[in-house]
Each structure stands twice: as structure tokens, then as C-alpha cells.
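Please examine the sequence together with the three-dimensional model shown below. The paragraphs that follow lead through it one region at a time.

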Amino acid sequence: MADKEQGLGLHDISDFGEDVPIDDKGRKLRVKGISAQGVLLLLMRFPDLQKWLSGQSLKIAETFFQAPETIAAVIAAGTGAPGDSDAEDIAASLPVEVQTDV
């Protein structure tokens, strides 16, 4: 009788992601990536993001002022909290070095 390999279930992989160091105290932030729902929410909320991803040129002045809000929303979505305004506020308050790493 051949051994049958058991695959993983979704619950088995629910803690996947990459731990990104965020400070000199050894704390790390779990970054999971952006789900399909997260991508949809981001594209609906930030139409310029869709333009940028498709290679269209953007007006720098407008993009510059929207960038911090967009970055915070992307970080929140990438850490498993798409559309969560509290998570976005926390992401917006992170130092730019941490935002870049995440």
C-alpha cells in the first residue's frame, strides 16, 4: 500500500508571510502580501495606482500629494488589513525607512 501524501489546509498556512524588522529592539512586522480583495480595494480607491501599474504617465504634483495615503493603504493591505483605517493610520506613522522595507 503506497503512502498518500497529505496536503496542507488553509489553516495550516494562515501564518505565512515574511517578518520584516522594524526597529533596533528586534521587533518584526509580518507582511503577507496583498490579497485579490486588497488589490481590488486599492484600485477602486486609488485610480492613479491603476494607471501607474499599467504604465501610464501621471501628473507628478497630484501623485506626490496622494502618495503618503496610498503607501499607508498598500502597507495595511500587505499586512492583512485591507481597507482598515486604523491600520492605515499606523502605517502612515511609520518612519519612511520602515515603510520602504515593508
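Which helix supplies the largest share of the lining of the largest pocket? The answer is α3, with nine residues. Helices and strands are here DSSP runs numbered from the N terminus, a helix being H or I over at least four residues and a strand being E over at least two. The model is a predicted one, in which local features need pLDDT of at least 70 and side-chain atom pairs count only at pLDDT 80 or more, while totals for chains, interfaces and linings use all residues. Residues are numbered from 1 along each chain as its sequence is written, and side-chain values use heavy atoms, with hydrogens and water left out.

On a 1 Å grid over the protein atoms alone, a pocket is an open set of points with protein on both sides within 12 Å along at least five of seven lines, whereas a cavity is a set of points where a 1.4 Å probe fits but cannot get out; lining residues have an atom within 4 Å of a point. The largest pocket holds about 420 Å³ of space, where grid points are joined across faces, edges and corners and the volume is the space filled by probe spheres set on the points. Its lining consists of 22 residues, and those nearest the centre are L49, A67, T70, I71 and V74. At least two lining residues come from each of α2 (47-53), α3 (60-78) and α5 (96-101). By type, the lining comprises 14 nonpolar residues, seven polar ones and one charged one. In this division Ala, Val, Leu, Ile, Met, Phe, Trp, Tyr, Cys and Pro count as nonpolar, Asp, Glu, Lys and Arg as charged, and the others, Gly among them, as polar.

Buried means under 20% relative accessible area, exposed means over 50%, and partly exposed lies in between (1.4 Å probe, protein chains only). Apart from neighbours within four places in sequence, L49 is in contact (heavy atoms within 4.5 Å) with L42 and L43.

Charged residues come next. Side chains of opposite charge can pair when their charged atoms come close. A salt bridge is defined as a side-chain nitrogen of Lys or Arg within 4 Å of a carboxyl oxygen of Asp or Glu, and by this rule there are four salt bridges. In one of them, D19 pairs with R30, with 2.5 Å between the closest N and O atoms. This pair links distant parts of the chain, since D19 is in strand β1 and R30 is in strand β2 (residues 28-31), 11 residues apart. D19 is partly exposed at 37% relative accessible area, and R30 is partly exposed at 31%. Strand β1 (residues 18-21) also contains E18, which is exposed because its relative accessible area is 54%. Leaving aside neighbours within four places in sequence, E18 is in contact with L29, R30 and V31.

A further salt bridge joins E69 and R45, at 3.2 Å from N to O. Because E69 lies in helix α3 and R45 in helix α1 (residues 36-45), the pair ties together parts that are 24 residues apart in sequence. Salt bridges that share partners unite R45, E69 and E88 in one network. E88 lies in helix α4 (residues 85-93). Beyond its neighbours within four places in sequence, E88 is in contact with R45, A72, A73, A76 and G83.

Q37, in helix α1, is exposed at 55% relative accessibility, and its C-alpha atom is 9.6 Å from that of G83, 46 residues away along the chain. T100, in helix α5, is exposed at 62%.
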